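Thanks for coming. I will go through one model this morning, starting with charged pairs and then moving to helix packing.

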Amino acid sequence: MSSNTAQSGLAPRNGSVNRKSKLSAQTTRTFFWLLIPSVILLVLIHGYPLFYAGVQATHDGNLIETGNFVGAENFTTVLSSAAFWKAAQFTVWFTVVGVFGSWLVGLGLALLLRTKIPAGSTFKVLLLLPWVVPIVVSSTSWSWLVSTPDSLIPSIFRNLGLGTPLFLADPTLAAITVCIFKVWVSFPFMMMMISAALASVDGSVYEAASMDGATRFQQFSQITLPLIARSTYISWILMTIFCVNDFPTIYLLTGGGPVDATTSLVVLAYRTVFQDFATGPGVAIAFLMTLTLVVISVILYRQIRKSSVE
């Protein structure tokens, strides 16, 4: 009798569990069929160009003809080229300065905006202008400031008795100018990312730390940085991708010169394909860039997961 009662008592539970599992299976199937059109569309939009680019990277064709199959010869040609490694070296410096320079400036301004300053909202809007203004306008403005000996900034140096620096004619100065320009147009993005992360930090944490005798630097290093670590790594990933793939910032300001001092990998790939009409090596450069970005993104993504666990 008791066993029958127990079985009858368990029956509704098993029935409800079965109904829930059926509903869950139906929901999964529904989501699957709803996702299928989007997946097919993404494959058509991104898959075919990627496949065709792979075909071009393994052939010796041009913009009109595919050419003959050469296998990995384009990759070996690119990797043995001095121009490739020179462009890779500048790309590394350009990316490092662009990522960490814009992050430091953005972090400083985001912390400043958390304080009570006069006309803080207006000041924040003005700080967004380098990011909002089209890159063509920004590059034209910077070119007007530094391109010729009679430009504004060289004239200021000359009047101060510091000579007349040719910012876009000297290879070293041109590379420095391009990197500073990248920081200028990128720091508002970092500032917004960090400001959003700081807004989610509870102010009581800092009050408790102050009561425990923590200094401002200790609060910054042990509270602020760890709490915004997730957003920091995400911004680093995005900015790394932006810097490596940044074509207009460099090309509009210097065109990759002088003497290829500011030629990045993306500029070199463009020249190889559209000026030298060597499609295979140019696409091979793009594939190597993509592989590098994937590796960097994976490393930083692991750091995001670690920061989330902590």
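Is Asp150 buried or exposed? Asp150 is exposed, because its relative accessible area is 66%; buried means under 20% relative accessible area, exposed over 50%, and partly exposed in between, with a 1.4 Å probe and protein chains only.

Two notes on the basis. This is a predicted model, so local features need pLDDT of at least 70 and side-chain atom pairs count only at pLDDT 80 or more, while totals for chains, interfaces and linings use all residues. Residues are numbered from 1 along each chain as its sequence is written, and side-chain values use heavy atoms, with hydrogens and water left out.

Now the charged pairs. A search of the whole structure gives three salt bridges, a salt bridge being a side-chain nitrogen of Lys or Arg within 4 Å of a carboxyl oxygen of Asp or Glu. Asp150 is in one of them, with Arg158, and the closest N and O atoms are 4.0 Å apart. Arg158 is partly exposed, at a relative accessible area of 35%.

Another salt bridge joins Lys182 and Asp246, at 2.7 Å from N to O. Lys182 sits in helix 8 (residues 171-199) and Asp246 in the loop between helix 11 (229-244) and helix 12 (248-253), so this pair ties together parts 64 residues apart in sequence. Helices here are DSSP runs of H or I, at least four residues, numbered from the N terminus. Both Lys182 and Asp246 are buried.

Then there is Asp260 with Arg271, where the closest N and O atoms are 2.7 Å apart. Asp260 is in the loop between helix 12 and helix 13 (265-274), and Arg271 is in helix 13, so the pair ties together parts 11 residues apart in sequence. Asp260 is partly exposed, with a relative accessible area of 37%, whereas Arg271 is buried, at 17%.

What about the rest of helix 13? Eight of its 10 residues are buried, so helix 13 is largely enclosed by the rest of the structure. Among the buried ones are Leu265, Val267 and Thr272.

Back to helix 12, where Leu253 is found. Leu253 is buried, with a relative accessible area of 7%. Which residues does Leu253 touch, not counting those up to four places away in sequence? They are Ser139, Trp142, Ser143, Leu168, Thr177, Val178, Phe181 and Pro248, where contact means heavy atoms within 4.5 Å. Trp142 is 111 residues from Leu253 in sequence, with 7.7 Å between their C-alpha atoms.

Last, helix packing. Axes are lines fitted to C-alpha atoms, for helices over the stretch in contact, and angles run from 0 to 180 degrees between N-to-C directions. The axes of helix 6 (residues 135-146) and helix 7 (residues 152-159) come within 4 Å and cross at roughly 25°. Helix 6 and helix 7 are therefore roughly parallel; angles under 35 degrees count as roughly parallel, over 145 as roughly antiparallel, 65 to 115 as roughly perpendicular and the rest as oblique. Trp144, Leu145 and Val146 of helix 6 meet Leu152, Ile153 and Pro154 of helix 7.

Helix 3 (residues 82-113) and helix 4 (residues 120-127) pack at about 165°, with axes 11 Å apart. That makes helix 3 roughly antiparallel to helix 4. Leu109, Leu112 and Leu113 of helix 3 make the contact with Gly120, Phe123, Lys124 and Leu127 of helix 4.

How values were computed
Helices (H or I, at least four residues) and strands (E, at least two) are DSSP runs, numbered from the N terminus.
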